[in-house]
Amino acid sequence: MTKRDRVQAVLKARKPDYSPVSFWHHFPPEQATGQAAVEAHVEHLEKFDLDFLKVMNDHEYPRGSIGVVQSVADLRKIKAVSGDEGELAGQLEVLRQLRKRLGNDILTTTTVFNAWAVLRKLVAPLDRRHGPPKLKDAEDARDQAITRLLKEDRSAVKAALEAIGASLAAFAGACLTAGAAGVFLSVRREWVNTPENGEGSYDEMVRSTDLQILTAAASAPFNLLHVCG
């Protein structure tokens, strides 16, 4: 089997010659964008003879003139964008170059962080460092900031999430056009449904935006859902 055949066999509930394998990690900041990112992905793929490639996305969501979201007024400045501007355009170019390098045999799925994860980044200053995730009983200033905004104006938070979700849906479609075989949608429910925010917060404010992103990528042959926590 080719690598593509091997993955597609599993997706169609057929037995492959062996189980397709892949893994990924955040490359250092100097390999997060541009040609350096392309080379890092290709080297990773070839070094470990992976069957499919999960394309990392360390390109930031466009902040525009907002900077750091600190108030309800800042939330109201968040509007839907076309999904191909700012650093998002950099991710699309990485996908285009990878498709040229890899051809059609390697299925690629590209990372899309959901609307809550994006808002969680927007309430803090830009930080391109990556460390191990905090999975249990860990307080984070970003979560505390969103909880405060929810208490001040829950409808404003929801509207901001909906605008971000629409932008990410457009971005997901642009990723497919650029050459990705699907999206890798990253979702973390436990960031949302905290005792302070309310158990139904994910269903109330985030679920529809996740479905909007998945709908935008529904025609793709290789979508993955990453449910962390």
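Strand β2 (107-113) gives the most to the lining of the largest cavity, with three residues, in a model that is predicted rather than determined by experiment. A cavity is a set of points, on a 1 Å grid over the protein atoms alone, where a 1.4 Å probe fits but cannot get out, and its lining residues have an atom within 4 Å of a point. Together with β2, α5 (115-122) and α7 (154-178) each supply at least two residues of this lining, which is made up of N57, H59, E60, Y61, L88, T111, V112, F113, V118, K121, L168 and F171. By class, seven of these residues are nonpolar, three polar and two charged, where Ala, Val, Leu, Ile, Met, Phe, Trp, Tyr, Cys and Pro count as nonpolar, Asp, Glu, Lys and Arg as charged, and the others, Gly among them, as polar.

The volume of the largest cavity is about 100 Å³, a volume being the space filled by probe spheres set on grid points that are joined across faces, edges and corners. The lining of the second largest cavity consists of F27, Q31, A32, A37, H41, M56, N57 and D58, and divides into four nonpolar residues, three polar and one charged.

Among the residues that line the largest cavity is E60, which is placed in the loop between β1 and α3 (72-75). With a relative accessibility of 10%, E60 counts as buried, the term buried standing for under 20% relative accessible area and exposed for over 50%, with partly exposed in between (1.4 Å probe, protein chains only). When residues up to four places away in sequence are not counted, E60 touches E87, L88, K121, L126 and R128, contact being defined by heavy atoms within 4.5 Å.

L88, one of the contacts of E60, is also one of the buried residues of α4, which include Q91, L92, V94, L95, L98 and L102 as well. Seen down the axis of α4, the buried residues fall within an arc of 155 degrees, taken from the directions from the helix axis to the C-beta atoms, so they line one face of the helix. These buried residues pack against α2 (34-47), β1 (52-55), β2 and α7. Helix α4 (residues 87-102) has 16 residues and reaches 23 Å from its first C-alpha to its last, close to the 22 Å expected at 1.5 Å a residue, the expected span being 1.5 Å times one less than the number of residues. After α4 comes G103, whose phi is positive, near 70 degrees.

In helix α8 (residues 201-216) lies D210, which is buried at 3% relative accessibility and, leaving aside neighbours within four places in sequence, is in contact with N114, L185, V187 and Y202. K47, found in helix α2, is by contrast exposed, with a relative accessible area of 62%.

Residues are numbered from 1 along each chain as its sequence is written. Local features need pLDDT of at least 70 and side-chain atom pairs count only at pLDDT 80 or more, while totals for chains, interfaces and linings use all residues, and side-chain values use heavy atoms, with hydrogens and water left out.

Key: 1 Å grid on protein atoms, 1.4 Å probe; cavity = no way out; pocket = protein on both sides within 12 Å on 5 of 7 lines; lining within 4 Å. Helix = DSSP H or I, 4+ residues; strand = E, 2+ residues; numbered from the N terminus.
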